Amino acid sequence: MKRSNKSIVVLFAMMLMLVSVLSACVRSDSGSSQSSSNSDGSGSKDKITLRMTVWGAPEEVDAYKFGIQRFEEKHPHIKVELQHIAADYDTKLTTMVAGNDVPDIAMMESGSIAYPLAEQGKFLNLQQFLDNDPDINVDSFVPNITYSLEPGNVIGIGPGPESFVLFYNEDIFKEAGVAPPPTKVSEAWTWDEFVEVAKKLTIDTKGRTANDPDFDPKNIKQYGVSVSTWWGVYSNFIYSNGGDFVSEDGTRFTLNEPAAVDALQKMSDLMNVHHVAPSPVQAKNIPATNVALQTKKVAMVIDGQWASAGLAQSKFNFNVGVMPVLEEPVTTVVCAMFSIFESTEHPQEAWELMKALIDPEASLEMITSGTWMPSYKDWYTEPELLARWTENLDARPSGYKDAVVDVILTHGHQTPTGYVKNFNKIMDIVNPALDKVWLGQQTAQEAMDSIAAKAQEQVQGRRDVK
Amino acid sequence: MRKGLWYGLLFTAPAILGFLIFTLGPMVASLVLSLTDYNVFKDQTSFVGFANYAKLFSGEDDLFYKSLGVTFYFVLLRVPAVIIISFAVALLLNMNVKGRAVFRTIIYLPSIVPAVASAMIWMWLMNPDLGLLNSMLEWLNLPTSNWLYSEGSVIPSVVLTTLWGIGSTVIIFLAGLAGIPQSYYEAIEVDGGGWFSKLRQITIPMITPTLFFNAIMTLINSFQVFNEAYILTQGGPNNQSLFYVFYLWRTGFRDTEMGYASALAWVLFVIIMIFTYIVFKTSKSWVYYEGGERP
Amino acid sequence: MRQSKLALAGGYAALIVISAMFIIPFVWLVRSSLMDLSQIFTMPPEWIPKPFQWGNFHRALTALPFDVFFTNTMIIVVSVLVGTVITSSIAAFGFSRISWKGRDTVFAILMTSMMLPFAVTMIPSFLGWQMLGFYDTFYPLIVPAYFGGGIFNIFLLRQFYLTIPRDFDEAAFVDGASYFQIYSKIIFPLSRSALIVVALFSFLGSWNDFMGPLIYLKSDRLFTLALGLQMFQGTYTAQWDLLMAASAMVVIPCVIVFLVGQRYFLEGITLTGLKG
């Protein structure tokens with residue numbers, strides 16, 4: 001009994017000590033942060049602090065830090081505080097907005113809270129800066145990397161585009177004696193040619209191809225192609241077929257119209273009729289693009305060009321070609337963006353910082369490693385600049401210039417999240433219906449017709465028309 | 001009795017103050033927000049009365065009913081499964097066997113492996129073609145399942161993945177079992193009773209306070225299931241795992257309709273309160289407290 | 001006697017089967033932490049790293065300031081643990097061993113704090129702490145532990161306190177003991193196994209807490225391990241090899257704490273000198 005009494009006293013003493021030590025150290029911490037935030041609040045003329053929030057893996061954050069360092073060297077009176085929000089970025093940013101503690105500049109994603117924020121006037125219109133900047137204007141960028149709330153109101157600029165391409169394992173094509181995918185848009189496969197090739201490269205466990213009458217679609221060792229059922233991927237084919245998510249004037253839901261339905265059905269047929277692509281269920285067996293191709297689980301993968309970095313690290317003969325074309329060659333362009341909060345006290349400095357970060361020189365390492373692509377058009381058109389990020393690099397195989405660089409300049413299409421209003425809510429209705437299409441339980445026409453009326457209720461127009 | 005009240009308040013003061021300072025405010029705030037069109041990004045918020053609740057119950061929001069149904073199904077499957085299995089595992093771990101420290105640690109391991117890592121395991125275990133579960137079923141000549149990836153089996157599959165996380169429940173049962181004096185069992189042995197009489201006459205009555213705790217907590221947690229949808233299924237396929245709190249989260253954060261999300265939250269709050277109250281009421285007839293107390 | 005041997009063998013068999021199933025996630029984590037990126041994702045999975053990538057640990061440790069994260073986490077975890085164990089047991093005593101009017105009503109009200117989804121109270125809580133000037137400090141993560149330590153723990157301890165026979169208190173009362181003496185001399189020591197469970201949960205809870213630090217902290221120098229782990233997830237891909245290595249390093253202290261901690265509550269109440 002005595003012992004336990006003593007132990008309680010000891011515990012209490014420990015607790016008191018801890019709390020006092022802790023409060024001392026925490027207080028000094030909060031004190032220092034207070035003073036620094038004061039200095040940027042009062043905006044003393046010679047020293048300015050800009051706050052910025054980003055997400056990303058360490059190497060991506062390093063790229064931002066490098067850009068910031070270059071910026072700070074050029075503008076010695078500006079200090080940039082980089083806040084790295086590793087996960088649940090939107091949740092954190094939402095609470096920061098609720099608490100009026102927003103950064104000056106933030107990395108944003110078009111599919112999440114960027115537009116909800118912009119709709120409430122939280123972002124500066126970047127058009128004014130683009131119009132007046134001595135160095136750059138809208139035409140300096142690769143098409144489709146700026147995001148607008150409505151025509152003339154630019155809310156974000158991407159640090160670089162990403163397009164969709166057809167990656168493949170060269171050895172598989174050589175061994176099968178099949179001609180590899182073309183790299184020039186003018187020579188791109190039609191859908192039927194693509195399916196034929198995919199069939200030749202789909203092999204069951206007994207070595208029969210999908211063309212063999214005894215082919216066993218339940219036991220496939222190597223798939224001809226892997227296509228994710230994410231909208232990012234199938235939007236390519238909808239656009240290529242002349243379809244869209246909503247009509248040109250933004251009044252009509254159009255995924256149930258022939259062009260889109262045909263594209264969705266073709267995707268489904270790859271899985272359920274031709275058995276050349278893993279269904280969403282089977283796709284759970286398919287690892288990341290680089291591993292899938294390297295281990296010959298699939299011969300071709302339609303994926304974002306960011307997969308180049310992983311492919312470059314896996315040592316095997318991969319290459320890249322253009323995606324098959326339905327009516328028109330198209331690639332959907334997706335990218336994150338930087339936005340400037342309207343509450344910033346230093347809009348011009350924030351703009352300069354943004355410029356520094358989207359300058360390909362700042363992120364050259366991310367670009368040459370394969371993950372990113374440059375934001376400025378001249379890096380695609382000027383041979384010397386182009387050479388810096390496309391030649392003699394593991395991540396940039398022989399087909400890259402034709403199949404990726406040329407296509408993104410001339411055949412890019414903006415991501416639907418950038419122009420379809422209320423996109424998430426529309427997709428909340430579309431996605432469950434598409435689940436049935438991918439599993440072959442319904443045709444694309446049936447599935448889209450069944451939800452068309454409900455989806456139509458959520459259609460609120462387009463951001464790219466007035 | 002007056003003295004009892006004074007001491008009672010004194011001892012519970014930290015908890016009561018804690019509730020008043022840290023919990024009550026946010027709770028009331030969300031209740032008030034449920035009567036508004038609160039959107040975190042909007043500068044103005046206006047009072048809308050019971051419009052959010054009216055929208056919920058008008059039938060206009062079919063995802064509300066869908067998510068409620070999905071969640072009830074989940075609770076119905078999960079609560080008994082967790083309680084029965086944890087109790088059985090706790091009994092096993094309470095046996096006097098060599099290496100039980102290691103066994104106990106192993107049972108708890110899945111609860112401390114980060115969710116992003118364990119999500120990968122479920123994806124593999126439940127992989128329809130190459131997963132361990134289907135391989136085992138095939139080996140036993142039983143029909144296989146599409147597990148997380150088909151509408152019919154997704155909820156039972158999610159319940160199954162949560163069973164790996166029973167570590168805490170088992171530990172609480174173990175602590176309860178540890179509190180049963182050995183002498184009680186000896187008395188049964190003297191009377192010639194075996195394992196089963198010990199279980200029925202001593203273990204089960206003596207464990208009821210712990211069982212009661214675990215039942216209540218499992219019930220409350222199951223209604224608020226979120227992570228599994230957030231990490232594993234995103235509510236699919238075909239909204240079949242659109243758990244209530246996941247839907248609420250999506251509404252409040254992605255769609256920034258925080259006022260409406262607050263109304264959703266308060267509906268769930270009332271549901272959980274009713275179920276907890278029912279269990280508390282019934283506990284009078286089945287929970288045995290050696291201290292002679294009734295809850 | 002024969003039967004109990006049989007039961008023991010059956011018990012062992014069951015334990016081994018169950019353990020085999022429950023150890024899979026951990027084994028997966030450890031083996032992934034020693035693999036390169038491509039091997040982690042091979043299907044069907046491989047269990048032996050080839051070759052062993054011990055470098056993952058070094059790379060993970062140097063990619064991010066884990067020493068800072070560790071120190072911060074320890075400050076939070078220890079403070080929370082101490083506060084939780086002490087104040088939750090005091091409160092549980094008040095809710096179980098003292099009879100007072102309105103006790104069960106107050107308890108029921110406190111129980112409701114677990115019933116409202118976190119998603120809708122998060123922003124109001126954040127705003128409250130921010131108004132107090134404690135945004136970007138450890139206070140929001142630690143202070144509540146000193147005010148009851150959460151109703152979960154109070155409820156758990158209450159359940160255990162209710163099972164302790166009344167005779168103890170009454171005998172002590174006759175001897176002229178106060179409530180505080182009964183708490184500190186009888187109930188607190190007798191409920192050691194339950195207290196260790198509470199300590200364990202409190203440790204693991206704040207060790208793994210992600211949302212709290214995410215919301216209340218903004219400077220990297222205050223970040224915790226749970227936040228650090230998420231930093232390996234990139235925009236398009238995650239550095240799974242490093243993430244797994246870092247996760248393994250974060251999990252292993254928990255395993256050790258558990259292995260040590262469980263010894264105490266496993267021994268049970270009989271060792272504290274109480275018989276029947």
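The model is predicted, and local features are accordingly reported at pLDDT of at least 70 and side-chain atom pairs at pLDDT 80 or more, while totals for chains, interfaces and linings use all residues. Residues are numbered from 1 along each chain as its sequence is written, chains are lettered from A in the order in which they are written, and side-chain values use heavy atoms, with hydrogens and water left out.

The secondary structure of chain C consists of 14 helices and 0 strands, and that of chain B of 13 helices and 0 strands, where helices (H or I, at least four residues) and strands (E, at least two) are DSSP runs numbered from the N terminus. Along the principal axes, the C-alpha atoms of chain C occupy a box of roughly 70 × 70 × 30 Å, and the C-alpha trace of chain B spans about 75 × 70 × 30 Å. Of the 276 residues in chain C, 59% are buried, and of the 295 residues in chain B, 59% are buried; buried denotes under 20% relative accessible area, exposed over 50%, and partly exposed the range in between, with a 1.4 Å probe and protein chains only. Chain C carries 16 positive and 13 negative side chains, with the centres of the two sets 7 Å apart, whereas chain B carries 16 positive and 16 negative side chains, with centres 11 Å apart. In these counts Lys and Arg are positive and Asp and Glu negative, His and the chain ends being left out, and each charge is placed at NZ of Lys, CZ of Arg, CG of Asp or CD of Glu.

Between these two chains, 99 residues of chain C are in contact (heavy atoms within 4.5 Å) with 96 residues of chain B. The area buried between them, that is, the accessible area (1.4 Å probe) lost on being put together and summed over both parts, is about 8,400 Å², of which carbon and sulfur atoms give 82%. Across this interface 0 salt bridges are found, a salt bridge being a side-chain nitrogen of Lys or Arg within 4 Å of a carboxyl oxygen of Asp or Glu.

Over all chains the count by this rule is 29 salt bridges. One of them pairs Asp428(A) with Arg250(B) at 3.2 Å, N to O; because Asp428(A) lies in helix H18 (residues 423-438) of chain A and Arg250(B) in helix H12 of chain B, the pair joins two chains. Asp428(A) and Arg250(B) are both buried. In helix H7 (residues 191-201) of chain A, Lys199(A) and Glu196(A) lie 3 residues apart, about one turn of the helix, and their side chains form a salt bridge at 3.9 Å, N to O. Lys199(A) is buried, with a relative accessible area of 18%, whereas Glu196(A) is partly exposed at 37%. A network of salt bridges links Asp133(A), Asp135(A), Glu352(A) and Lys355(A).

Helix H8 (residues 231-240) of chain A is largely enclosed by the rest of the structure, because 10 of its 10 residues are buried; among them are Trp231(A), Tyr234(A) and Phe237(A). In chain B, Gln240(B) is placed in the loop between helix H11 (227-233) and helix H12 (244-254), and Gln240(B) is buried, with a relative accessible area of 18%. Beyond its neighbours within four places in sequence, Gln240(B) is in contact with residues including Lys66(B), Glu151(B) and Ile155(B).

Notes. Buried area = accessible area lost by both parts, 1.4 Å probe.
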